Amino acid sequence: MLDLEKERMRKRAPKILESLKKKKYDAHFFETAAQAAEFIKSSVKQDETIGVGGSVTLRQGLGIVEALREKGVTVYDHWEAAEDPARRLELKRMQRAVDVFLTSINAITLDGVLVNLDGGGNRVASTCSGPKRVIVVAGANKVVEDLDAAVHRTRNHASPLNAIRLRRETPCVETGTCNDCSSPQRICGMLLIMFQKPGDIDKFTVILVNEQMGY
Ligand code: SF4
């Protein structure tokens with residue numbers, strides 16, 4: 001990110017945090033991914049179980065999965081079973097019953113609405129019901145003006161990039177834009193819009209980081 005973009009985010013962050021807190025989220029802003037990772041590590045107890053949603057932000061931006069394992073925490077991460085579909089699905093289902101579900105989101109609006117798009121459904125399901133606690137991490141690049149921009153971002157930016165990363169056989173991999181396809185390998189069938197903290201989650205932490213993380 002440019003220094004000017006970071007400065008702009010510092011000016012916007014208080015309003016975003018205030019909006020999130022009004023919606024009953026536990027909201028935090030950190031300048032760096034390293035600070036966010038330290039905060040997450042200190043927020044999780046050694047005897048807790050953690051589910052990790054599909055997220056480039058968490059793995060490439062934070063490196064938090066390894067850090068939590070080093071701490072002795074039990075981590076259920078379906079990305080580690082990429083070659084074993086049965087185990088992958090089992091891990092996704094286990095994520096619904098963890099103490100803490102850790103994930104990212106596709107977009108966050110200035111007035112504190114969170115938007116997530118998903119293919120399998122595990123990420124959106126575990127974000128709004130199942131775990132006792134949820135921790136969401138979002139880079140500054142995920143912040144948008146309003147709900148329309150958030151939905152547009154998830155469908156026309158994040159999803160095609162994810163499809164390209166995963167080498168799916170979908171139209172967006174060929175064209176770079178969403179064609180609202182009915183491909184068997186469609187990556188984006190479920191859209192979750194969170195207008196406030198889900199009642200089923202005891203504590204929902206949103207961490208905004210002043211860096212570009214994921215896409
Ligand atoms: S609907 Fe199809 S074309 Fe559009 S982003 Fe999803 S997978 Fe790609």
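Student: How do the residues of the shell around the ligand divide into nonpolar, polar and charged?

Tutor: Bearing in mind that this is a predicted model, the shell around the ligand divides into 5 nonpolar, 3 polar and 3 charged residues.

Student: Which residues surround the ligand?

Tutor: The ligand is surrounded by Cys172, Cys178, Cys181 and Cys188, together with Ile187, Arg155, Arg186, Asp180, Ser159, Thr170 and Asn179. The space that the ligand takes is the largest cavity.

Student: Where is Asp180, and what about its phi?

Tutor: Asp180, one of the residues surrounding the ligand, is placed in the loop between H8 and S9. Its phi is positive, at about 45 degrees, although Asp180 is not a glycine.

Student: And Arg167, what is its phi and where is it?

Tutor: Phi of Arg167 is near 55 degrees, which is again a positive value in a residue other than glycine. Arg167 is in the loop between helix H7, residues 147-165, and helix H8, residues 171-175.

Student: Why does Arg167 count as exposed?

Tutor: Arg167 counts as exposed because its relative accessible area is 72%, and the cut-off for that class is over 50%.

Student: Switching to the inside: how many residues has the largest nonpolar core, and which have the most contacts inside it?

Tutor: The largest nonpolar core has 27 residues, and those with the most contacts inside it are Ile16, Leu20, Ile108, Leu114 and Phe204. At least two residues of this core are supplied by each of helix H1 (3-22), strand S7 (133-139), strand S9 (190-194) and strand S10 (203-209). The largest share, 4 residues, comes from H1.

Student: OK, where is Leu147, and what is it in contact with?

Tutor: Leu147 lies in helix H7 and, leaving aside neighbours within four places in sequence, is in contact with Thr109, Val113, Val115, Ile193 and Phe195. Leu147 is partly exposed because its relative accessible area is 27%, which falls between the cut-offs of 20% and 50%.

Student: What about Cys128, where is its place and what are its contacts?

Tutor: Cys128 is in helix H6, residues 122-128, and its contacts, with neighbours within four places in sequence left aside, are Leu192, Pro198, Asp200 and Ile201. The relative accessible area of Cys128 is 27%, so Cys128 is partly exposed.

Student: Last one, where is Asp84 found, and how many Å separate its C-alpha atom from that of Asp111?

Tutor: Asp84 is found in the loop between strand S3 (74-77) and helix H5 (85-94), and it counts as partly exposed because its relative accessibility is 38%. The C-alpha atoms of Asp84 and Asp111 are separated by 40 Å, with the two residues 27 apart along the chain.

Methods
Residues are numbered from 1 along each chain as its sequence is written. This is a predicted model: local features need pLDDT of at least 70, side-chain atom pairs count only at pLDDT 80 or more; totals for chains, interfaces and linings use all residues. Side-chain values use heavy atoms; hydrogens and water are left out. A residue is near a molecule or strand if one of its heavy atoms lies within 4 Å of it. On a 1 Å grid over the protein atoms alone, a cavity is a set of points where a 1.4 Å probe fits but cannot get out, and a pocket is an open set with protein on both sides within 12 Å along at least five of seven lines; lining residues have an atom within 4 Å of a point. A molecule sits in a cavity or pocket if more than half of its atoms lie within 2 Å of its grid points. Ala, Val, Leu, Ile, Met, Phe, Trp, Tyr, Cys and Pro count as nonpolar, Asp, Glu, Lys and Arg as charged, and the others, Gly among them, as polar. A nonpolar core is a set of buried Ala, Val, Leu, Ile, Met, Phe, Trp, Tyr and Cys residues joined through side-chain atoms within 4.5 Å. Buried means under 20% relative accessible area, exposed over 50%, partly exposed in between (1.4 Å probe, protein chains only). Contact means heavy atoms within 4.5 Å.
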